[in-house]
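Subject: Structure handover

Hello,

Please find the structure below, followed by notes on what was found in it.

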Amino acid sequence: MTETDNTILTQLPARLKAARRAQDLSLDAVAKLSGVSRSMVSQIERGESSPTIATLWNLTRALQVDFAGLLDGASDVAQIETLRAADVPTIDNLGSGCRIRILSPPEDAGRHEVYELTIAKGGMLDSHPHARGAREHLTVIDGAVTVTSGEVSSTLNAGDTARYAADVTHRIAAETGDVRAFLVVQNA
C-alpha cells in the first residue's frame, strides 16, 4: 500500500461524515437511503471499519457525492466552479414579464435554491404554495416590488429584503417600474 492509499483511507471517514452533514442527514437517514446499516455507517465515519467498494458506492449514491471525487487525494485543493452568464439556465415563461435565472446548482433543487429575477413594469411572479415550511428571502437590487404572502403584503425598495412564508400562495409584483432582485427559496 502506498502513502497516497493510506492518505485516502485516513481521509475517507471525515469526507463521508462531511458529506452526510452537508446534506443534513442523520445516520439513520443515510442507512435507509443507502441500504447500509446504521452501525456500519457509524463505524466507517469513525474510521473503525473500511467499506467495501459496493458499500462505498451505495453510500456515495445516497449522499449524492462523486465516488471518484471522494477518493481523490487532490480534492482538498481549492476549486472554483464558474458558470458564465450565457450558460446560466433561464426561465422566461413563468409569471408575466418575468425572467428567472437559476443560480443554484441542480442538486440543491428543493432544498436551497437561488435565483436572479428581472420583472418588467407591470409584471409579476405568482407562485403556488411550496412544501410545508418553505420560506423565501427576496432582496431587491433595483426598483421596487410588492410582495404578498398569503393575505399580507409589503413594499420593498432597492436594498430591502423580505423573508416570508412560501408554503402559501405568494406573489412578487413590479407595479411602478422594472425590477432586478435575488430570491432564495428554502425547502421548496
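The axes of helices H2 and H3 (residues 38–45) cross at roughly 115 degrees and come within 8 Å of each other. Axes here are lines fitted to C-alpha atoms, for helices over the stretch in contact, and angles run from 0 to 180 degrees between N-to-C directions. That angle makes H2 roughly perpendicular to H3; angles under 35 degrees count as roughly parallel, over 145 as roughly antiparallel, 65 to 115 as roughly perpendicular and the rest as oblique. The crossing of H2 with H3 is right-handed, a term used if the near helix is turned clockwise from the far one by less than a right angle, with left-handed used if anticlockwise. Leu27, Asp28, Val30 and Ala31 of H2 make the contact with Arg38, Val41, Ser42 and Glu45 of H3, where contact means heavy atoms within 4.5 Å.

Some notes on the source. This is a predicted model, in which local features need pLDDT of at least 70 and side-chain atom pairs count only at pLDDT 80 or more, while totals for chains, interfaces and linings use all residues. Residues are numbered from 1 along each chain as its sequence is written, and side-chain values use heavy atoms, with hydrogens and water left out.

Overall layout

The chain has 5 helices and 9 strands. Helices (H or I, at least four residues) and strands (E, at least two) are DSSP runs, numbered from the N terminus. Along the sequence the pattern is α-α-α-α-α-β-β-β-β-β-β-β-β-β. The chain has 188 residues, of which 33% count as buried; buried means under 20% relative accessible area, exposed over 50%, and partly exposed in between (1.4 Å probe, protein chains only). Among contacts in the chain with a separation of 6 or more, 61% are between residues 24 or more positions apart.

H2 covers residues 27–34, and its buried residues are Leu27, Val30, Ala31 and Ser34. These residues lie on the same side of H2, because they cover an arc of only 100 degrees around the axis. The arc is that of the directions from the helix axis to the C-beta atoms. As background, an α-helix has 3.6 residues a turn, so residues three or four places apart point the same way. Lys32 and Leu33 are exposed on the other side of H2. After H2 comes Gly35, with a positive phi near 80 degrees.

H2 also packs against helix H4 (residues 53–63), at an angle of about 110 degrees and with the axes 8 Å apart. That makes H2 roughly perpendicular to H4. This crossing, of H2 and H4, is right-handed. On the H2 side, the residues involved are Val30, Leu33 and Ser34, which meet Asn58, Leu59, Ala62 and Leu63 in H4.

The buried residues of H4 are Thr55, Leu56, Leu59, Thr60, Ala62 and Leu63. They are on the same side of H4, because their arc around the axis is only 160 degrees. Ile53 and Arg61 are exposed, on the face of H4 turned away from its buried side. Gln64 follows H4 and has a positive phi, near 55 degrees.

Strand pairing

Two strands pair if DSSP finds at least two bridges between them. Strand S4 (residues 135–142) is antiparallel to strand S7 (residues 161–165), with 5 bridges. S4 also runs antiparallel to strand S9 (residues 179–186), joined by 7 bridges. Arg135 has a bridge partner in each of these neighbours: Ala165 in S7 and Gln186 in S9.

Strand S8 (170–173) likewise has two partners to report. With strand S3 (residues 112–127), S8 pairs in the antiparallel sense over 4 bridges, and Ile172 in S8 is the bridge partner of Leu125. With strand S5 (residues 144–149), S8 is joined by 4 bridges, also antiparallel, and here Arg171 in S8 stands opposite Thr148.

Glu175 sits in the loop between S8 and S9. Its relative accessibility is 51%, so Glu175 counts as exposed. Leaving out residues up to four places away in sequence, Glu175 touches Lys121 and Thr146. The C-alpha atoms of Glu175 and Thr146 are 7.4 Å apart, although 29 residues separate the two along the chain.

Regards
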